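Please read the points with the structure open.

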Amino acid sequence: MASLGRYLLAAFGLAAVLLGVLAAVYVSGFGRHDAASDISRSRKTANGLFMVSIEPEKGAVRQGELHTWLVTVTTAAGQPVEYAAIDVSGGMPEHNHGLPTSPQVTDYLGNGHYRIEGMKFTMRGWWQLRLSISAAAGSDTAIFNLAL
Amino acid sequence: MTRIAAVCLAFALMATLAACGKPQFSDAEKATIASLALSALPLLEPDTTNRFADDPGAAALGSTLFFDQKLSRDGTVSCSTCHKIERQFQDDLPLAVGVGRTNRRTMPLAGVAYNAWFFWDGRRDSLWSQALTPLENPLEHAGNRAAYAHYIEARFGERYERIFGPLPDLSAVPANATPLGADVEKAAWASMTDSQRDGVNRIFVNIGKAIAAFERSLMPPPTRFDRFAEALASGTEPQGDAILSDEEVQGLKLFIGRANCVTCHNGPLFTDGSFHNVGVPPAANLPPDRGRIDAVAEVEADPFNCLGPYRDGGPDACGELRFIRKTGEELVRAFKTPSLRGAATRPPYMHAGQFATLEQVVANYLDAPASVESTTEQHPVQLSERERAALVAFLKTLGE
């Protein structure tokens with residue numbers, strides 16, 4: 001009986017090691033890119049000039065389809081930023097490529113709201129959207145992470 | 001005795017543990033597999049740029065035209081010369097051969113209407129404008145639009161008018177004329193009035209719209225993979241040929257996992273519809289082919305593009321062209337991600353048939369060689385020979 005116990009113990013020990021290895025692989029896979037972990041849709045621009053919020057105009061974003069986003073720009077103090085020039089770029093940092101389309105701001109909707117048309121995400125994964133904003137207060141950039 | 005029993009028990013325990021971690025799939029993997037199944041393919045959206053897209057009469061005429069060799073300079077080439085109906089609408093050749101030999105591989109047509117961009121480099125932006133391009137290409141049909149207009153009137157006049165309305169007066173239109181092609185045809189085109197040119201263009205466009213209406217019916221058939229995916233989604237045991245072997249399951253897991261294939265080969269058609277440089281070597285004895293980067297100017301200049309005068313419906317349908325990506329190193333030697341449905345039975349592979357076997361294709365993706373120009377998007381992936389074979393085994397389930 002003593003040997004049975006030993007064998008059982010060995011089997012469980014082996015299983016535990018295997019599970020540990022699997023868990024380590026699993027966890028490291030998920031912690032791969034810290035930069036991508038902040039997926040908030042509202043943030044300050046790099047130098048703090050503006051607050052920028054983004055949202056898809058029609059709720060969910062479907063992979064592979066053109067869609068529009070709404071952008072809201074305010075000053076750090078919360079005042080709407082009117083008639084800013086916004087350049088849209090971005091891409092997938094892990095795949096060395098930019099956006100598959102060239103989205104543009106096509107409309108200023110008033111009160112600091114802008115419409116971006118021509119957004120498209122062709123793959124799942126970590127995307128970045130970079131908004132370079134120029135207005136009376138100066139120029140600044142916000143980078144958003146999007147997880148698709 | 002107890003010793004033997006103990007060994008048996010230990011083995012049994014390990015076997016049980018191994019079985020728990022065995023094939024079957026995580027929830028994330030199940031979701032990905034479901035997203036690849038043919039049942040996830042949405043219904044084809046209406047094509048508002050072609051008001052005949054879903055007109056059965058137009059589709060029937062388009063089918064006739066698709067197989068009609070008279071739609072060529074010397075009466076020997078139809079769409080079906082390269083897009084062979086019994087061969088998944090492709091021709092098994094590394095480079096397509098019409099009147100002459102082209103520089104690209106014929107693309108199969110199943111599900112073609114789901115594309116936003118056409119050809120390997122996306123140099124056309126609608127199914128109907130795509131269909132026009134080979135008709136005047138000197139290496140393909142090698143004809144000209146004035147000759148096609150006369151032919152339509154003579155051969156299909158009544159049938160054409162029932163669908164598209166009255167034909168214009170072609171009596172003073174030269175027998176051969178096009179703004180492209182040989183100097184004599186260009187001169188003939190220049191000699192025509194604006195109204196004659198527009199009349200010929202409209203007939204030419206309607207040839208494309210009819211062929212597009214026909215091509216919208218070309219859909220990929222369900223495969224062993226789809227039957228497997230359906231069983232997996234419904235939680236039932238796969239039956240018959242829906243049962244994937246251990247090797248095929250391993251290949252599927254690699255495809256959607258470590259080998260990263262699904263990054264670009266995504267959705268029920270196994271393509272993101274976009275353009276990528278994946279370091280495919282150039283074909284021997286062909287001029288440099290820079291892919292997408294050279295197609296941008298061409299589609300923007302195409303008089304039959306979505307923003308041109310021959311589109312039906314409103315400009316809302318032209319988002320892809322309006323927001324086309326025009327610059328960037330990544331467009332250099334970028335070619336469209338092809339669908340993998342049926343790919344296993346239609347070698348050779350890539351835009352100029354560079355690879356004769358799926359094994360070579362898989363090796364190119366995993367080894368990620370440098371691109372001859374610009375940079376490949378591929379990162380090397382370490383897979384054993386068995387794993388590579390498993391990937392190929394899985395790809396074959398998409399063609400059976």
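1. Two strands are taken to pair if DSSP finds at least two bridges between them. The model is a predicted one. With that criterion, chain A shows an open sheet of five strands in the order 1-2-3-7-6, with antiparallel pairing. Its edges are formed by strand 1 (42-44) and strand 6 (104-110) of chain A, each of which pairs on one side only. Direction ignored, neighbouring strands of this sheet are turned by 25 degrees against each other on average.

2. At one end of that order, strand 6 of chain A pairs with strand 7 (residues 113-119) of chain A in the antiparallel sense, over five bridges. A:Val105 stands opposite A:Ile116, the latter in strand 7 of chain A.

3. Chain A as a whole contains one helix and nine strands. Read from the N terminus, its elements run α-β-β-β-β-β-β-β-β-β. Of its 148 residues, 22% are buried. Among the contacts in chain A with a separation of 6 or more, 54% are between residues 24 or more positions apart.

4. In chain B, attention is drawn to helix 13 (residues 358-367) and helix 14 (residues 385-396), whose axes come within 10 Å and cross at roughly 125 degrees. Angles of 65 to 115 degrees count as roughly perpendicular and those over 145 as roughly antiparallel; helix 13 of chain B and helix 14 of chain B are therefore oblique to each other. Their crossing is right-handed.

5. Which residues form the contact of these two helices? B:Leu358, B:Glu359, B:Val362 and B:Leu366 in helix 13 of chain B meet B:Arg388, B:Leu391, B:Val392 and B:Leu395 in helix 14 of chain B. By class, this contact has six nonpolar, no polar and two charged residues.

6. B:Pro348 is placed in the loop between strand 2 (335-336) and helix 13 of chain B.

7. B:Phe119, although not a glycine, has a positive phi of about 75 degrees; its place is the loop between helix 4 (79-82) and helix 5 (127-136) of chain B. B:Phe119 counts as partly exposed because it has 19 C-beta neighbours inside 10 Å, whereas a buried residue needs 20 or more.

8. B:Asn260, likewise a residue other than glycine, has a positive phi near 60 degrees. B:Asn260 lies in the loop between helix 10 (246-256) and strand 1 (275-276) of chain B. With 19 other C-beta atoms within 10 Å, B:Asn260 is partly exposed.

Key: Residues are numbered from 1 along each chain as its sequence is written. Chains are lettered from A and ligands numbered from 1 in the order in which they are written. This is a predicted model: local features need pLDDT of at least 70, side-chain atom pairs count only at pLDDT 80 or more; totals for chains, interfaces and linings use all residues. Helices (H or I, at least four residues) and strands (E, at least two) are DSSP runs, numbered from the N terminus. Axes are lines fitted to C-alpha atoms, for helices over the stretch in contact, and angles run from 0 to 180 degrees between N-to-C directions. A residue is buried if 20 or more other C-beta atoms lie within 10 Å of its own, exposed if 12 or fewer, and partly exposed in between; C-beta atoms are placed from the backbone. Two residues are in contact if their C-beta atoms, placed from the backbone, lie within 7 Å. Angles under 35 degrees count as roughly parallel, over 145 as roughly antiparallel, 65 to 115 as roughly perpendicular and the rest as oblique. A crossing is left-handed if the near helix is turned anticlockwise from the far one by less than a right angle, and right-handed if clockwise. Ala, Val, Leu, Ile, Met, Phe, Trp, Tyr, Cys and Pro count as nonpolar, Asp, Glu, Lys and Arg as charged, and the others, Gly among them, as polar.
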